[in-house]
Amino acid sequence: MCHSEQLNKTAELHEFYSDLHIHIGRTKNGQAVKISGSRNLTFENIAKEAALRKGIEMIGIIDCHSPFVQDDIMTCLDSGIMKEIEGGGIAYQDTVILLGSEIEIRNTGAKGAAHVLTYFRDLDTMQDFTRWMTRYMKNVGLSSQRIYVQPRELQQEIIDRGGILIPAHVFTPHKGLYGSMSRKMSDVFDLRGIAGIELGLSADSSMAGYLSELDGYSFLTNSDAHSLGKIGREYNKIRMLNPSFDEFRLALERKAGRQVTANYGLDPRLGKYHRTFCSGCNSILDDEAVVSLADRCPYCGSIKMVQGVFDRIMSIADREEPFLPIHRPPYCYQVPLEFIPGLGKASILKLLEAFGTEMAILHRASEQDIASVVGEVLAHRIVMARNGTLELSSGGGGVYGKVVRK
Ligand SMILES: [Zn+2]
Ligand SMILES: [Zn+2]
C-alpha cells in the first residue's frame, strides 16, 4: 500500500468506547445464567444501557454460549431491533455487541483454575462452539463453567473457528491465570494463539510490565459487570474504522492503524485483591514489604492469607523494573462515583439527571457545574478523583480499597 493511501485509511479511523466483559444475569423469561448477576441484566437491557445511558459503542457480552441466551439473541434479531453486521457482531442502534463466552480452565498438575474470554464473529459460529463445548461441560447454559479439556485443546478449537482468545482478569487470586494457576502463560497456552490480555480490577499496565511474556500483547480493561450499573466501570478506547469483530481483531494486533489507544481502569489500590489479606486477623498487609504466601502474617502469625495482585506480580516478576513498550497506550485511573466519600445514592442520581452519564460527571463536567448540583465539598472531591489526587488505602482479600476521608 502506498503512503498516501495509508494516510487516507488512517483518516477514516475513529476512537470507540468499548467494554468487553459483561455478564448476563437472567434471560428475558427469567432463566438464570449467572446466579450472582442481577435479574434485569438481560441481553436486550445490556444493549440498551450501553447505547442509551453509558454511551459505550462496543460491548462484549460473555455469556453468549448459553443456549438460553442464544434464544434471546434470536428474538432480538427476528424482531428487527438488532441486526448482525458485516464485520461481525450485532448492532443495536449505535452500539455493536460482540458475542463472547467466559470459560473456566484447569491445567493438569496446576493448582488452581483460571478464566478465559473468547469471542466469535457471528451467532452461527457461537452455536457451533456451544455444540462442541456441551460435550465437555456439565451445564453449558450457565456462566463461566469449567470445561474438562486441556487449555491448549480449547485454544485450538477457538482458533479453528476464527475466534479470539483473551485470558481474563489475569492477576486476580480468584481465577486469574497468573493469580491462581501458573507463573508463566506459556505453561498453559501457545503464546501465538493469545489475542490480548485482560488486566482485571486490581492491576494496571505498569504492574503488568514486570512480566516480559506480556510485552507484545494489547491490554484490555473491562468492567466484568454483574449489574447494569457496573457496565463501563472499566473500559477501553479503541481506534477502528467502525465497531465490529474484524476491526476489534485488527486493533488487538495493532494492524493498519487500529489499536487500543487508552485503558480506563480503577486505581489498582481500590481493587478488591490489590494487597495480601490475612483472614486470621482480617488485616490488609500493605506495608512496603511484599508478603509471599510462604510467609506468616506479620501481625498475628497466621498462614491463612489471600495473596494480593501486587504481591503476586512481585513474586513472579522476571524484571526489576516495569517495562512499557512503545505501543502501550496510557492507563487512565478512574475513581467511580460510588467510591467518593459522602456521595450517596441520592446525590449520584441528581448528578446523573444533570449530566447524563457517569463518564460525563467523572471526566467532563466543570467543578462549578457539579457544585451547583451537590455542593462545593463534593464537587471538589469529584475533581480530585479526576486528577488522581485523592488519598487511597489499598484493598485486599475481597474488600475494595477506600478513599481516605479527610
Ligand atoms: Zn471471571
Ligand atoms: Zn466475568
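Is histidine 115 buried or exposed, and what is its relative accessible area? Histidine 115 is buried, with a relative accessible area of 9%; buried means under 20%, exposed over 50% and partly exposed in between, with a 1.4 Å probe and protein chains only.

This is a predicted model, in which local features need pLDDT of at least 70, side-chain atom pairs count only at pLDDT 80 or more, and totals for chains, interfaces and linings use all residues. Residues are numbered from 1 along each chain as its sequence is written, chains are lettered from A and ligands numbered from 1 in the order in which they are written, and side-chain values use heavy atoms, without hydrogens and water.

View 1. Donors are N, O and S atoms within 2.8 Å of the metal (3.2 Å for Na, K and Ca); water is not among the atoms, so sites may look incomplete. Glutamate 102 also bridges to the zinc ion (ligand 2), 3.4 Å from ligand 1. Glutamate 102 belongs to strand E5 (residues 95-106) and histidine 115 to strand E6 (residues 113-120), so the pair ties together parts 13 residues apart in sequence. Strands (E, at least two residues) and helices (H or I, at least four) are DSSP runs, numbered from the N terminus.

**View 2. Strands E6 and E7.** The two run antiparallel and are joined by four bridges; strands pair if DSSP finds at least two bridges between them. Valine 116 has proline 167 of E7 as its bridge partner.
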